[in-house]
Amino acid sequence: MRAPVAQLLTAVRSQQAGTGTSAGWKIARLAGVGVAAGVLAGLIALPAVGGAGAVVVSASDELNLRPVDLKEPPLAEKTTVLDARGNQIAQFWDEYREVVPLGEVSEEMKTAIVAIEDYRFYEHGAIDLEGTMRALAKNLSSGGVSQGGSSITQQYVKQVLFNSADTDKDKDKALEASYGRKLNELRYAMAVEKKYSKDQILEKYLNIAYFGAKANGVQAAAKRFFGVPASKLTLAQAATLAAAVQAPNSTDPDLGKKQRERLLDRRNVVLDRMAELKKITPEEAAKAKKAKLGYKGTPLPGGCESSPYPYFCFYVRNEISGNPAFGKTETARLRFLNRGGLTIKTTLDPKMQAAADSAIKKRVYASDNAMASEALVQPGTGAIKAMAASRKYGGSKAKNEMSYNVVADAAHGGGTGFQAGSTFKTFTLITALKKGMKISDGITTGAGYTAPGYAAFKNCKGENIGDPTHTVTNDEGSPGFKTLQTGTWGSVNTFFVSLEQRVGLCETVQTAKSLGIKRADGQALQEYETFTLGINEMDPVTVANAYAAIGARGKYCAPMAITQITDRNGKVTRYAPQCRQALDPAVADATADILSGVFTKGTMRGVGGIGRDAAGKTGTTDAYSTAWFAGFTPDLAGAVSIGDPRGSTKYKLTGVTIGGTYYGIVAGASLPGPIWKDTMMAALKGVKATSFHPIDSARFGGCGQSCSPKRVEPESRVVQNGPQDVGRNVNDWNRGPGRGHGNGRKRG
């Protein structure tokens, strides 16, 4: 059985000595571009297992040993995410790898890998004939494939085939112990040897090889194992990595003591082999063998969990995974993100992020049941500048961590959000201004409001949804005549439901939608008469962005987190803001003018302003379930929400201790307002203040919020509720199916 092998080896040796027969010459050609098919066919046809019934490996049609081009998809590389200033804030990867040129790999590493894996790599062609024949003889005698005998080129081919496999079945096929697989590898290896130089092949191999400990490629391995780049690897370190390649799982230092001992033993084998081949001296080998393993297990950067800004990171991840422009399916898009070797530049401003983080941390502890979330958005671009929360992201309930993106909507990894309360009154105010009301126009309201009939309110389907059997009552402000100014400053519930009746529920909903308002859970907005009181659950990014549009004089821009993507080949794709004019600029100016009075004459007067033009609206939901503040300057907008993620309707913000301070009740101006104020003052420090555009007095009357409000005649500009309009309690509204998740009236 072994005679043909011996003859073949003799022929090879004779050819190498220059005295070979014609058969030897043909076999030698196999090392370059061809093969003496008849000789190899005879060898392959030997019984794989001795005895009766032996399996014979066929060498008929399958034995076509001509070079076959190998498809070499780009290697999976990590994607790096940068903030607006170019600082790295996150990485994504399926396989942690950093591709480096051979010139950035230490000579010790190159020498060690060649010495132990394929010491005649620079002398032979596609295969090492002596090594292959010796392994083949061993395999034949053992009845299977027990030795590889693969050259570095063949190993590279195997790694490419394995990494290209999409299914587990294809991956198993790429690693199966069969002669058919070996023959295919050889065909590809012959083509690779013709296509690339030896140095190029070695570079490709070092970048694709798996070293264990989740490190793919020599650069990642050097950093993971020893905390140094591949160019700085010492002799002992290089020998360790060369040792790890052969059996990366059984020598994975992350797996335990036994694996580390195996790796150390294997490292010493590599050093001995290098000395045997006279690549290093025996003294150098002995000195290196005395060194400890030195494994550091440097954490692999990557994933939103390890990002300093996890919530923003998840927003970016979902921007890619949810956008068909980056792939036909979500799987394809995540593959593009995690394997594409991209550099993604984002909108996040580290200074503004620090301001939001600090303002929240000052007043809300991570251990509190109540949680604060905040988003900052730039007017005129929609650029998300910060996303902050009082709790860390993670899976530990013991540490009170959050497992979803509490600052964003469900489409960006978020949850269901919190009811936004009276921040929604702003959309009714805008609708009134759009309809032609002046800032001093008003309505006389009572202590409560009752819909005069079922047809008093119509949703956007034209359905009658008014309910004359329930009341809305006030927690802020007193009954009487309220203008657009005073009704807003006092956040009077009955005024705003009456105003919504006058200007139209559907029209108010459409105004909100024009500013990007949508529910955090992705469901349709609830269109009831209490819409103006904020019965819909929202997220801070969406609310902040809607208010940013007012600050940009009605220019709405979709929330934006990514400004530029550079692919692995250096191709740069830039992304511009997606904007449209949602409001008449004059309407936005009048809205800003009224909302600026909230700081001086309204619900935020006890908190005060920020030393520059600013406007905003508090929001407190029924029974103090959640609290909000949304505000803006021409330069920056922000929204802060506070609620209990265990369930805001069950765990209300009454009689609670937050940030070490006891609160009988938490309203919009109690915590969200001060957090917003502190954030904006720090975030805008050093930014030249931009003033609001003056109100168009000829169109909207008065001279802005600095003037004292007065009752406006003629009577046609005043809408009065009759004595019978005692109001409807939104608590009852929310008890029925589809009435929202709150359980009472909304407050300012």
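Over the face of which ring does Arg-273 lie? In this predicted model, Arg-273 is placed over the face of Tyr-119, at 4.7 Å from the ring centre.

Contacts between aromatic rings were considered next, and the count comes to 18 aromatic pairs. One of these is formed by Tyr-311 and Tyr-393, whose rings are 6.3 Å apart from centre to centre, with 85° between the planes, an edge-to-face arrangement. Tyr-311 belongs to helix H14 (residues 310–321), whereas Tyr-393 is found in the loop between strand S7 (384–389) and strand S8 (418–419), so the pair ties together parts of the structure that are 82 residues apart in sequence. Tyr-311 is buried, its relative accessible area being 4%; Tyr-393, at 18% relative accessibility, also counts as buried because the cut-off for this class is under 20%.

For Phe-495 and Phe-496, the ring centres are 5.1 Å apart and the planes meet at 85°, so this pair is edge-to-face. The relative accessible area of Phe-495 is 0%, which places this residue among the buried ones, and Phe-496 is likewise buried, with a relative accessibility of 0%.

Beyond these individual pairs, one aromatic cluster is formed by Phe-424, Phe-427, Phe-531, Tyr-547, Phe-632 and Phe-692.

Technical notes: Residues are numbered from 1 along each chain as its sequence is written. This is a predicted model: local features need pLDDT of at least 70, side-chain atom pairs count only at pLDDT 80 or more; totals for chains, interfaces and linings use all residues. Side-chain values use heavy atoms; hydrogens and water are left out. Rings of Phe, Tyr and Trp (its six-membered ring) pair if their centres lie within 6.5 Å; planes under 30 degrees apart count as stacked, over 60 as edge-to-face and the rest as tilted. Helices (H or I, at least four residues) and strands (E, at least two) are DSSP runs, numbered from the N terminus. Buried means under 20% relative accessible area, exposed over 50%, partly exposed in between (1.4 Å probe, protein chains only). A charge sits over a ring if NZ of Lys or CZ of Arg is within 6 Å of the ring centre and within 35 degrees of the ring normal.
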